[in-house]
Amino acid sequence: VPVEVRTDRARALAGWALANGLGQALGPPLGGVIASAFGWRATFLAPALFGLIATLAALRYVPADAGRRIPLEWRGALALTTGALLISSAVAALPQTGVAAATFLVPIVAGAAFVALFVVRTRRTEHPFVSPAIFGEASFVRSSVAVFTGTFLLGAATLGIPLYLTHALNMP
């Protein structure tokens, strides 16, 4: 992959990660302020406004590209989506069921099998759903780790702080 393409790809991924992180960090508190000041219906205005600004910025700054048709490798896409759904469901059920329960074990094993099927499909098809070559790009791996870490920490804080306040401090 040419250097300028990698640079553009890294810059685009960094921009997405920045917007995603800011939205996750600022969205809930700003939503609370907006809902308190103007009512809950007003919370729908900010996403619409940001969407409009993002659309106008994309039309202005993203270069036009004729594109090329690449067939969707639907088997890989379906395997990855199903695997992620099953693993997420199993992890979500874990606190209520425990590790030994079938409601955890069956979806986690099935999800892992679907992810393995995705990996096999990715390696054997001409146009994979996700190219394995992208995992060799250091900027992609670093960005992915940063996005995962930020999302995990935000989720932990979003869940952990309310649980601590309600259970440990008996606050409503």
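This is a predicted model: local features need pLDDT of at least 70, side-chain atom pairs count only at pLDDT 80 or more; totals for chains, interfaces and linings use all residues.
The side chains of Glu73 and Arg121 meet in a salt bridge, with 2.9 Å from N to O. By salt bridge we mean a side-chain nitrogen of Lys or Arg within 4 Å of a carboxyl oxygen of Asp or Glu. Glu73 sits in the loop between H2 and helix H3 (74-97) and Arg121 in helix H4 (residues 102-124), so this pair ties together parts that are 48 residues apart in sequence.

Residues are numbered from 1 along each chain as its sequence is written, and side-chain values use heavy atoms, with hydrogens and water left out.

Back to the bridge partners, and to two other residues that come up below.

| Residue | Relative accessibility | Class |
|---|---|---|
| Glu73 | 7% | buried |
| Arg121 | 24% | partly exposed |
| Leu49 | 46% | partly exposed |
| Thr151 | 35% | partly exposed |

Now the overall fold. The protein has five helices and zero strands, so you'd read the order from the N terminus as α-α-α-α-α; helices (H or I, at least four residues) and strands (E, at least two) are DSSP runs, numbered from the N terminus. The radius of gyration is 21 Å, whereas a compact globule of 172 residues would come out near 16 Å. That radius is taken over C-alpha atoms, and the globule rule is 2.2 Å times the number of residues to the power 0.38. Along its principal axes, the C-alpha trace spans about 55 × 50 × 30 Å.

The protein exposes about 13,000 Å², and carbon and sulfur atoms supply 72% of that. Such areas come from the Shrake-Rupley method with a 1.4 Å probe; for residues, only the protein chains shown count as cover. One nonpolar surface patch, of about 660 Å², is made by Leu49, Phe50, Leu52, Ile53, Leu56 and Leu59. Patch residues have over 30% relative accessible area and no salt bridge, with like charges joined within 9 Å and nonpolar side chains (Val, Leu, Ile, Met, Phe, Trp, Tyr) within 5 Å. Leu49 belongs to helix H2 (residues 45-61).

H4's 23 residues should span 33 Å at 1.5 Å a residue, and its end C-alpha atoms are 32 Å apart, which agrees; the expected span is 1.5 Å times one less than the number of residues. Its buried residues are Phe104, Pro107, Gly111, Phe118 and Thr122, and these pack against H3.

H5 has 31 residues and reaches 42 Å from its first C-alpha to its last, close to the expected 45 Å. Phe140, Ser143 and Val147 are buried there. Thr151 also has its place in H5 (residues 138-168), and its C-alpha is 24 Å from that of Ile53, 98 residues away along the chain. After H5 comes Asn170, with a positive phi near 55 degrees.

Definitions and conventions: Buried means under 20% relative accessible area, exposed over 50%, partly exposed in between (1.4 Å probe, protein chains only). Contact means heavy atoms within 4.5 Å.
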